[in-house]
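Biologist: I have a chain open and would like to go through it with you. Can you bring it up?

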Amino acid sequence: QVQLVESGGGLVQPGGSLRLSCAASGVIFRMDDMGWYRQAPGKQRELVAVITSGGSTTYADSVKGRFTISRDNAKNTVYLEMNSLKPEDTAAYLCNCNAKKTIATPSRVYWGQGTQVTVSS
């Protein structure tokens, strides 16, 4: 099994910044895409940002120019730098990844438990 553990969430004022981290552990033969999603109460889960193993990135329009996703392949860790935070960014932020446990097994999606980000004055 691949485990994902997020950290770095918390309470921040509008205009502030936070940096989220997500470390993957377990038996991992190959780590492919890694990404961040978020889910606010009463709303559907939405993609925030994703990064490929080669470093290509995709962002939701609502966070472009404010959030930056990055990864450390040696540590199987993905980061989300969040700047100019707004109250509408308040949500549980979940990390996910596509990973192969062995050369013979198919790639599958794994999810973390999430870390809460609250933007409020």
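**Going through the chain**

Modeller: Serine 21 is buried, because its relative accessible area is 19% and the cut-off for buried is under 20%. One thing to keep in mind is that this is a predicted model.

Biologist: Where is serine 21 found?

Modeller: Serine 21 sits in strand 3.

Biologist: And what does serine 21 touch, not counting residues up to four places away in sequence?

Modeller: With those set aside, serine 21 touches Val5, Glu6, Ser7, Trp36, Val78 and Tyr79.

Biologist: Let's step back. How many helices and strands does the chain have?

Modeller: There are 0 helices and 11 strands. The radius of gyration is 14 Å, close to the 14 Å that the globule rule gives for 121 residues, so the chain is as compact as a globular protein of that length.

Biologist: What does the C-alpha trace span along its principal axes?

Modeller: About 50 × 25 × 25 Å.

Biologist: How much of the chain is made up of buried residues?

Modeller: Buried residues make up 40% of the 121 residues. The accessible surface of the chain is about 6400 Å², and carbon and sulfur atoms account for 49% of that surface.

Biologist: What about contacts between residues 24 or more positions apart?

Modeller: Among contacts in the chain with a separation of 6 or more, 56% are between residues 24 or more positions apart.

Biologist: Which residues have the most contacts inside the largest nonpolar core?

Modeller: Trp36, Leu80, Met82 and Tyr93, in a core of 31 residues. Strands that each supply at least two residues of this core include strand 1 (2-7), strand 3 (18-26), strand 4 (30-39) and strand 8 (77-82). Strand 9 gives the most to this core, with 5 residues.

Biologist: Take leucine 80, then. What does leucine 80 touch, not counting residues up to four places away in sequence?

Modeller: On that count, leucine 80 touches Leu18, Arg19, Leu20, Trp36, Val48, Ala49, Phe67, Thr68, Ile69 and Tyr93.

Biologist: Different topic. Is valine 12 buried or exposed?

Modeller: Valine 12 is buried, with a relative accessible area of 12%. Valine 12 lies in strand 2, which covers residues 10-12.

Biologist: How far apart are valine 12 and serine 120?

Modeller: Valine 12 and serine 120 are 108 residues apart in sequence, and 6.3 Å apart in space from C-alpha to C-alpha. Leaving aside neighbours within four places in sequence, valine 12 is in contact with Ser17, Leu18, Leu85, Thr118, Val119 and Ser120.

Biologist: Threonine 118 came up there. Where is the place of threonine 118?

Modeller: Threonine 118 is in strand 11. Threonine 118 is partly exposed, at 26% relative accessible area. With neighbours within four places in sequence left aside, its contacts are Gly10, Leu11, Val12 and Thr90.

Biologist: How far apart are threonine 118 and leucine 85 in space?

Modeller: They are 9.4 Å apart, C-alpha to C-alpha, and 33 residues apart in sequence.

Biologist: On to the loops. Where does isoleucine 103 lie?

Modeller: Isoleucine 103 lies in the loop between strand 9 and strand 10 (108-111). Its relative accessibility is 67%, so isoleucine 103 counts as exposed, the cut-off being over 50%.

Biologist: What about the loop where lysine 75 is found?

Modeller: Lysine 75 is in the loop between strand 7 and strand 8. Lysine 75 is exposed, with 54% relative accessible area. Lysine 75 and alanine 24 are 51 residues apart in sequence and 7.9 Å apart in space, C-alpha to C-alpha.

Biologist: What is phi of asparagine 76?

Modeller: Phi is near 50°, a positive value in a residue other than glycine. Asparagine 76 is also in the loop between strand 7 and strand 8. Serine 84 has phi near 50° too, again positive in a residue other than glycine.

Biologist: Where is serine 84 found?

Modeller: In the loop between strand 8 and strand 9. Serine 84 is partly exposed, at 43% relative accessible area.

Biologist: Last one. How many positive and negative side chains are there?

Modeller: The chain has 13 positive and 9 negative side chains, with the centres of the two sets 5 Å apart.

Conventions: Residues are numbered from 1 along each chain as its sequence is written. This is a predicted model: local features need pLDDT of at least 70, side-chain atom pairs count only at pLDDT 80 or more; totals for chains, interfaces and linings use all residues. Side-chain values use heavy atoms; hydrogens and water are left out. Helices (H or I, at least four residues) and strands (E, at least two) are DSSP runs, numbered from the N terminus. The radius of gyration is taken over C-alpha atoms; the globule rule is 2.2 Å times the number of residues to the power 0.38. Buried means under 20% relative accessible area, exposed over 50%, partly exposed in between (1.4 Å probe, protein chains only). Contact means heavy atoms within 4.5 Å. Accessible areas come from the Shrake-Rupley method with a 1.4 Å probe; for residues, only the protein chains shown count as cover. Lys and Arg count as positive and Asp and Glu as negative; His and the chain ends are not counted. The place of a charge is taken as NZ of Lys, CZ of Arg, CG of Asp or CD of Glu. A nonpolar core is a set of buried Ala, Val, Leu, Ile, Met, Phe, Trp, Tyr and Cys residues joined through side-chain atoms within 4.5 Å.
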